[in-house]
Amino acid sequence: MSEPEEFSQKIEEALRNPRNLGEMEGADAVGTIGSVDCGDMLRMWVKFREEGGKRVIDRATFQTFGCETAIAVASVATELIAGKTPEEALKMDSRELSAPLGPLPPVKIHCAQLVEGALRSALAPDSAPAKSEPLAPTLLESFQGSDAKPKQIRLEPQK
Ligand code: FES
């Protein structure tokens, strides 16, 4: 099987049963990112737990107005970061977050960077939603232009 065929098959498999798709009520942190390259957006919610005296990621979920690759990468990435400390998760770049899918075609690298950006946004110190505030606006509200403007990422070549 050629590399593009193998990639397509892995994307199809991930899309058949996407993991951690959807908004998370009671999340400890939320991050939204928009891509200046394709105009797509991705939001990630994170819940923490204490384990061995450390704060680790209990689980993460996502929503996106993104392509199939973004959905597939977010699906595998949210599985990969579970159980990691925020510091460990922040060390993972888009290539590591998408590793279970194999090497991404160059035109799809920014889709994985969208996932990395949303994770970084969620784990930023100021990302935790205040307890007294309602849950962050939905991705649709962000897209329609609420005050909660998403951050944007810029495509940079991987090293
Ligand atoms: S083309 Fe926009 S996220 Fe993939």
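# Briefing: helix packing and strand pairing

Helix α5 is mostly covered, with 14 of its 15 residues buried. The model is a predicted one. Its chain holds 6 helices and 4 strands, arranged along the sequence as α-β-β-β-α-α-α-α-α-β. Of the 159 residues in the chain, 38% count as buried. Among contacts with a separation of 6 or more, 68% are between residues 24 or more positions apart.

**Helix α2**

- Helix α2 covers residues 68–81, and at 1.5 Å a residue its 14 residues should span 20 Å; the end C-alpha atoms are 20 Å apart, which agrees with that expectation.
- Because 11 of the 14 residues of α2 are buried, the helix is largely enclosed by the rest of the structure.
- The buried residues comprise T69, A70, I71, A72, V73, A74, S75, V76, A77 and T78, together with I81.
- These buried residues of α2 pack against the helices α1 (3–16), α3 (86–90), α4 (94–97) and α5 (109–123), and against the strands β2 (41–51) and β3 (54–65).
- After α2 comes G83, which has a positive phi near 90°.

- The 15 residues of α5 should span 21 Å at 1.5 Å a residue, and the end C-alpha atoms of α5 are 21 Å apart, in agreement.
- Two packed helices are described by the angle between their axes and the distance between the axes.
- For α2 and α5, the angle is about 45° and the axes are 8 Å apart.
- The crossing of α2 and α5 is right-handed.
- On the α2 side, the residues that meet α5 are T69, A70, V73, A74, A77 and I81; on the α5 side, they are C111, A112, L114, V115 and L119.
- An α-helix has 3.6 residues a turn, so residues three or four places apart point the same way.

**Packing of α2 with α1**

- The axes of α1 and α2 come within 9 Å and cross at roughly 70°.
- Angles of 65 to 115 degrees count as roughly perpendicular, and α1 and α2 are therefore roughly perpendicular to each other.
- The crossing of α1 and α2 is left-handed, whereas that of α2 and α5 is right-handed.
- From α1, the residues I11, A14 and L15 meet E68, T69, I71, A72, S75 and V76 of α2.
- T69 of α2 meets residues of α1 and also residues of α5.

**Strands and hairpins**

- Strand β1 (residues 29–35) runs antiparallel to β2, and 6 bridges join the two.
- Within this pair, G31 stands opposite M44 of β2.
- The hairpin of β1 and β2 has 5 residues between the strands, and G39 there takes a positive phi near 85°.
- Strands β2 and β3 also run antiparallel, joined by 11 bridges.
- E50 has R55 of β3 as its bridge partner.
- The hairpin of β2 and β3 has 2 residues between the strands, and in this hairpin G52 takes a positive phi near 60°.

**Individual residues**

- C38 is placed in the loop between β1 and β2.
- C38 and C111 lie 73 residues apart along the chain, and their C-alpha atoms are separated by 8.8 Å.
- C111 is also one of the α5 residues that meet α2.
- N20 lies in the loop between α1 and β1, and its phi is near 60°, a positive value in a residue other than glycine.
- With 19 other C-beta atoms within 10 Å, N20 is partly exposed.
- E6 is placed in helix α1 and counts as partly exposed, with 13 C-beta neighbours inside 10 Å.
- E6 and L101 are 95 residues apart in sequence, and the distance between them is 8.8 Å, C-alpha to C-alpha.
- Not counting residues up to four places away in sequence, E6 touches M1 and G102.

Notes: Residues are numbered from 1 along each chain as its sequence is written. This is a predicted model: local features need pLDDT of at least 70, side-chain atom pairs count only at pLDDT 80 or more; totals for chains, interfaces and linings use all residues. The expected span of a helix is 1.5 Å times one less than its number of residues. A residue is buried if 20 or more other C-beta atoms lie within 10 Å of its own, exposed if 12 or fewer, and partly exposed in between; C-beta atoms are placed from the backbone. Two residues are in contact if their C-beta atoms, placed from the backbone, lie within 7 Å. Two strands pair if DSSP finds at least two bridges between them. Axes are lines fitted to C-alpha atoms, for helices over the stretch in contact, and angles run from 0 to 180 degrees between N-to-C directions. A crossing is left-handed if the near helix is turned anticlockwise from the far one by less than a right angle, and right-handed if clockwise. Angles under 35 degrees count as roughly parallel, over 145 as roughly antiparallel, 65 to 115 as roughly perpendicular and the rest as oblique.
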